[in-house]
Amino acid sequence: MSEPIVSVRNLVVEFPLRRGLFTAVNGVSFDIMPGEILGVVGESGAGKSMTGSAIIGLIDRPGRIASGEVYLSGQRIDNLPPDEMAKLRGKRIGMVFQDPLTSLNPLYTIGEQLIETIRRHLPMNEAQARQRAIDLLAEAGIPSPETRIDSYPHQFSGGMRQRVVIALALSAEPDLIIADEPTSALDVSVQAQIIRVLKQLCESRGAAVMLVTHDMGVIAETATRMIVMNKGKIVETGSVGDIIKRPQEEYTINLINSIPSIKDETRRHDVPPAATPLVQVKNLTRDFDLSPGMLDRMLKGSKRTVVKAVQDVSFNIRKGSTYGLVGESGSGKSTCARMLVGLIKPTNGQVLLEGDDIWAGGSGTQQRRQRVQMIFQDPYASLNPRWRVGDIIAEPMRALKLVANKREAEERVADLLEKVRLDPISMRKFPHEFSGGQRQRIAIARALSSQPEFIVCDEPTSALDVSVQAQVLDLMRSLQDEYGLTYLLISHNLAVVRQMADDVGVMSKGVLVEQGQVDDIFDNPQAEYTQMLLNAVPDISKVN
Amino acid sequence: MTTQPNLAPPAAAKPRSRLYRMWDSDIFFSFRRSPVTIVAAIVAVLLIGAALLAPWIAPYNPFDPSSLNLMDGFTPPNSQSMMGNYFLMGSDHQGRDVFSTILYGSRVSLFVGVLATAFAMLIGISLGLTAGYVGGKTDAVIMRVADIQLSFPAILIALLIFGIARGIIPPSKQENMALWVLIIAIGLSNWAQFARTVRGATMVERQKDYVSAARIMGVHPLFILVRHVLPNVMAPVLVIATIGLALAIIEEATLSFLGVGVPPTQPSLGTLIRIGQQFLFSGEWWILFFPAITLILLALAVNLLGDWLRDALNPRLR
């Protein structure tokens with residue numbers, strides 16, 4: 001057995017705050033062997049990123065390592081002076097962060113950035129360093145690296161940029177790579193490629209990787225061993241297969257159970273297939289005119305540029321059912337949602353709510369305002385921070401004049417809060433006093449307050465931790481049963497759609513490529529794009 | 001790190017008074033930690049308080065001609081005149097107590113400064129909200145007007161407006177209207193800062209989902225602007241308002257110094273400085289010195305408070 005590349009012993013990271021001491025990492029110990037990928041999972045605030053930052057000595061002030069030791073190949077590094085530590089970073093420890101946009105300097109070509117990093121750490125001349133940079137890019141899966149090396153970061157897509165960041169992290173042959181949520185900002189298909197690259201490089205070079213992520217699916221596909229963290233402590237350590245299939249601790253069991261899988265065939269209440277459609281979307285099209293200004297067009301002869309965000313999309317949503325709309329970023333699913341609720345006017349096509357065109361004006365608009373509501377992705381931005389929760393929830397009732405007086409409004413708000421499993425006392429508080437999941441429930445209560453029949457949910461759980469996501473989805477389902485609601489569920493998370501939807505439509509580049517009943521689509525996808533998407537999803541069922 | 005730190009619950013969970021919670025808030029915490037700000041706040045409170053209470057604190061009424069005696073003229077500070085009257089900061093050429101004129105003068109300066117800033121805020125905020133929310137051509141027109149306005153020195157615009165007003169208002173009413181003309185002139189020369197800031201902040205808020213949610217419900221745009229957007233763009237506005245207040249006071253002093261400001265019967269700090277500078281070279285320094293120091297202290301204190309407010313409200317600097 002060889003020596004571990006990195007060993008962490010009883011690491012404690014503390015943040016002295018105004019009101020006492022906050023312990024972000026509390027007595028964490030682990031080892032990573034050469035060629036091993038250690039997955040670190042946990043929900044937000046578990047201290048997983050902080051552990052990574054502590055190893056590379058980049059904890060934001062006023063945080064500090066209070067006790068514990070970090071060894072890199074047997075050498076103690078946590079007590080090194082800052083300039084010694086700076087020499088280690090990049091040379092012996094490489095880093096990959098979540099956002100590939102901010103990890104690269106937009107003013108330099110990627111070649112300049114790579115060559116500079118290589119020459120700082122390795123004794124090479126310009127030409128050798130350039131050759132090495134090209135090799136690294138090729139290894140990271142950048143096609144034709146000889147020409148791409150002189151491009152600027154903005155000339156790459158998100159996935160390609162993350163490959164460049166990986167190449168940068170590898171440039172000085174580090175022993176250890178710390179990857180903090182390396183794929184969270186990327187689409188699933190790109191994510192799958194990045195995971196493959198990371199895995200290959202780790203195997204071929206024998207480097208150790210610490211993979212920090214909230215996504216158990218990514219860990220299941222990538223890592224060999226994993227640790228589960230909660231509130232700064234390690235809850236469970238073991239091989240990935242063991243933990244996912246036979247979790248021991250209660251926390252881990254709950255965590256694993258709340259992760260939806262694309263293979264789940266869970267219950268869906270039976271909606272008669274012949275049920276009348278509540279919402280009919282007919283040939284919906286939306287173009288965005290991104291042309292330069294009129295003066296530029298006249299003087300410089302610039303061309304008009306029109307982006308077809310949504311093209312000729314048609315589908316029906318049966319009354320009382322959930323229609324899932326999936327697709328990667330830029331596929332036009334959010335634009336669709338915004339046209340359905342009346343925020344963006346379609347260029348062409350119709351949205352019919354029981355036969356009434358909601359964009360025709362007059363009674364259609366009035367119908368829409370009362371019967372259609374929306375739940376948004378970010379529960380921090382969807383509630384006005386200066387309003388009390390009671391006022392927020394009562395707003396639709398007041399705007400649509402559904403209640404006669406203040407007392408009646410207050411009673412209804414109390415009812416709604418109970419329906420979304422919050423204490424009615426909450427109506428006196430402000431949104432910042434609640435957690436993300438609670439806020440999303442407040443947003444749901446607001447959506448319900450005008451007693452709508454149709455609710456458009458745009459990524460309702462993607463900003464939430466998995467355990468909270470499970471609660472919110474469960475709430476949405478029981479409200480649907482109680483009130484006979486119809487949902488349009490938009491998500492990039494296929495597992496969530498599989499769990500919730502009756503019918504599903506798959507969008508790509510503004511076009512609806514495939515639609516049908518959820519089990520048909522997931523078990524027997526016809527369109528090439530759908531097959532690719534389903535294969536790319538990292539899923540806990542894919543653990544080996 | 002987005003979650004609440006898992007700290008020990010506060011020992012005393014009993015509800016505290018509103019005043020205590022305010023004192024305990026982060027803003028007041030940063031206030032207590034900054035000695036410069038505390039000193040600035042004390043100076044500002046003293047000066048403003050003294051100005052407000054001028055009729056009760058001032059030892060003399062400098063604008064009551066019957067109480068003036070030319071024999072009291074040019075008494076040096078901290079001494080008695082030939083008539084036996086004591087002057088803390090000396091007296092001017094007409095025998096007026098400089099200390100009392102400063103108290104009454106800062107009253108006028110603050111009155112003009114506060115109202116002019118409020119007027120500038122009113123115009124700037126409404127135009128900024130409209131430009132940011134409506135966008136397109138409306139935005140372009142409003143912001144180009146602001147750009148043009150910003151490319152002239154504020155004092156020049158104030159002089160221009162003042163000149164126009166003088167032409168329009170009949171001479172018999174000029175005396176009474178002078179103060180209001182001054183307020184409008186200074187207000188009109190300062191609105192563009194507010195409009196720019198509010199427009200930027202509005203464009204950010206407009207994109208947020210809570211505004212989308214309100215639009216879905218069919219809430220009236222004016223209601224969205226006033227009840228949703230406005231409260232969320234006020235923090236930066238407050239900061240420019242304090243700095244703008246100091247600017248307005250200085251601008252008023254400049255105009256009065258140039259002789260186009262308040263009428264001589266209601267001298268402001270600027271008027272006092274103008275009067276004082278006539279005697280500077282004949283050795284009666286106190287007639288200039290004390291009003292000037294008061295103006296500097298007032299402007300500096302308000303400015304420092306504005307500076308602190310900007311840092312305290314800026315989450316990036318926390």
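Helices here (H or I, at least four residues) and strands (E, at least two) are DSSP runs, numbered from the N terminus. Ala, Val, Leu, Ile, Met, Phe, Trp, Tyr, Cys and Pro count as nonpolar, Asp, Glu, Lys and Arg as charged, and the others, Gly among them, as polar.

Before going on, please keep in mind that this is a predicted model, in which local features need pLDDT of at least 70 and side-chain atom pairs count only at pLDDT 80 or more, while totals for chains, interfaces and linings use all residues. Residues are numbered from 1 along each chain as its sequence is written, and chains are lettered from A and ligands numbered from 1 in the order in which they are written.

Staying with chain B, an unreviewed UniProt entry annotates residues 106-306 as "domain: ABC transmembrane type-1"; such annotations, given in the numbering used here with shortened feature names, may be inferred rather than shown by experiment. The span is 84% helix and 0% strand, and its end C-alpha atoms lie 19 Å apart.

Now turn to chain A. Its domain assignment gives domain 1 (6-257) and domain 2 (277-542), with bounds that come from an automatic or database assignment. The C-alpha centres of these two domains of chain A lie 35 Å apart. Where they touch, domain 1 of chain A gives 18 residues and domain 2 of chain A gives 13. On the domain 1 side, α7 (188-205), α8 (216-222) and α10 (250-257) of chain A are the elements that give two or more residues. That side has eight nonpolar, six polar and four charged residues.

Chain A also holds an open sheet of six strands with mixed pairing, in the order β16-β17-β18-β13-β19-β20; strands pair if DSSP finds at least two bridges between them. Its edge strands, β16 (372-375) and β20 (511-517) of chain A, each pair on one side only. From one strand to the next, the twist averages 15 degrees.

Methods. Two residues are in contact if their C-beta atoms, placed from the backbone, lie within 7 Å. Axes are lines fitted to C-alpha atoms, for helices over the stretch in contact, and angles run from 0 to 180 degrees between N-to-C directions.
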